[in-house]
Amino acid sequence: MGLVVDIKKKLSGFTLNVNFDTRQDVMGLLGSSGSGKSMTLRCIAGIEKPDKGRIVLNDRTLFDSDKGINIPSRMRKIGYLFQNYALFPNMTVEENIGFALNNLPKTERKNIIQKNIEMMKLNGLEKRYPIQLSGGQQQRVALARALAIEPEALLLDEPFSALDDHLRSFLTKQLIDTLTNYNGVTLFVTHNMEEAYKICNKLIVLKGGNVEAAGDKKEILENPMTKATAQLTGCKNFSKARYLSSRELFATEWGIKLNCRDNLNNNIKYVGIRAHYIKEALEECNENVFTCWPSFISEGPFRVTVYLSIGSKALNSEDYHLQWEASKEEWLELKDQPLPWKIYLDPVKLMIFYK
């Protein structure tokens, strides 16, 4: 039981070519804009038709190009939460939630609507129209409508993209609680790694319509197998790399030798490190310590991004090698120290890529 997707579809600029399966884990589809995430959902839902392949949900074939099967969208038992929610503006909250339940007896339909209103904490809003609702309320109505049909699969297409940070945080928790009690397949589309990590158990990383990586979210985040996967999961620091020995490489774009924990081979292509793993060098650090100067500083409310030039003073704000994300506490300790600073690149935190 679960969802099996193996499809191809020619699009403008690339061919969507995805192959994956998932069961009751919440599966995230992570990728940049235009990578094929939403189109994958639309093909699963039956809104778009793949050129070839098959889609099977709980042993029920929804699409098979070889066998000529293409089940209509309304018969697929799939709930879809669109990015813009797609609520009917001329329908009230309760009418939107019950839209796909018109074939049921009136009493049963009313009970299902009320159940979902209570589950999504929409009590008191039943007679309101979408224009009278906040963005968060609209999202909850759309999710209630998707769940009202008791779908075997729930497709969520960037449901937080239009919300402010405070509302996004509140609704993220509510969505996690809702999905905990949902027994079907869930696919969650996002280009936000933090969202994906909070909500999903497993991840599929898409690039140019192809699956770049798939698996457990922690494994993909901590040990990405390709540079593209690391980029799509938020890594900002990369350099081309040249093999020196089984424990040493030369980062050509940073101009430094690095000791590594990996058993390197001559096919190495890139080295990377996440911005928050860069640290101020302490006295006990005796390897991978480098002199640097700040090129540009970008302060946020809780973290500071420092653009660093290694080995020499920066010529301008564009002259830098690394981005360092420091907590406000780290920054307050560092900012008044005399230049140059010394940073430490932990060999354990370095990511090595062969493609």
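In this predicted model, a salt bridge joins the side chains of Lys-173 and Asp-177, with an N to O distance of 3.0 Å. Both residues belong to helix α5 (residues 165-180), and because they are four residues apart there, about one helical turn separates them. Lys-173 is exposed, its relative accessible area being 54%, whereas Asp-177 is partly exposed at 38%. This contact belongs to a set of eight salt bridges found in a search of the whole structure. Side chains of opposite charge can pair in this way when their charged atoms come close.

Helix α6 (residues 193-199) holds another of these pairs, in which Lys-198 and Glu-194 lie four residues apart, about one turn of the helix. Their side chains meet in a salt bridge at 3.4 Å, N to O. Here the lysine, Lys-198, counts as partly exposed with a relative accessibility of 46%, while Glu-194 counts as exposed at 53%.

A further salt bridge, between the side chains of Lys-236 and Glu-325, has an N to O distance of 3.3 Å. Lys-236 is located in the loop between α8 (227-232) and β12 (237-245), and Glu-325 in strand β19 (residues 322-327), so this pair ties together parts that are 89 residues apart in sequence. Lys-236 is partly exposed, with a relative accessible area of 42%. Glu-325, by contrast, has a relative accessible area of 19% and is therefore buried, the cut-off for that class being under 20%.

The partner of β16 is strand β20 (residues 341-344), and the two are joined in the antiparallel sense over two bridges. Within this pairing, Glu-280 has Ile-343 of β20 as its bridge partner.

In the loop between α9 (328-334) and β20 lies Pro-340, which is joined to Leu-339 by a cis peptide bond with omega of about 0 degrees. In the loop between β16 and β17 (289-299) is Asn-288, a residue that has a positive phi of about 55 degrees although it is not a glycine. Asn-288 is buried, with a relative accessible area of 6%.

Glu-150 is exposed, having a relative accessible area of 55%.

Both parallel and antiparallel pairing occur around strand β10. Strand β3 (residues 26-30) pairs with strand β10 (residues 202-207) in the parallel sense over four bridges, and Leu-203 in β10 is the bridge partner of Gly-28. Strand β10 also pairs with strand β11 (residues 210-216), here in the antiparallel sense and over six bridges. In that pairing Leu-206 stands opposite Val-211 of β11. The strands β10 and β11 form a hairpin with two residues between them, and Gly-208 in the turn has a positive phi of about 55 degrees. In either sense, strands of a sheet pair through backbone hydrogen bonds.

Technical notes
Residues numbered from 1 in each chain as written. Predicted model: local features only at pLDDT ≥ 70, side-chain atom pairs only at ≥ 80, totals over all residues. Heavy atoms only, no water. Salt bridge = Lys/Arg side-chain N within 4 Å of Asp/Glu carboxyl O. Buried < 20%, exposed > 50% of the residue type's maximum accessible area, 1.4 Å probe, protein only. Pairing = 2+ DSSP bridges.
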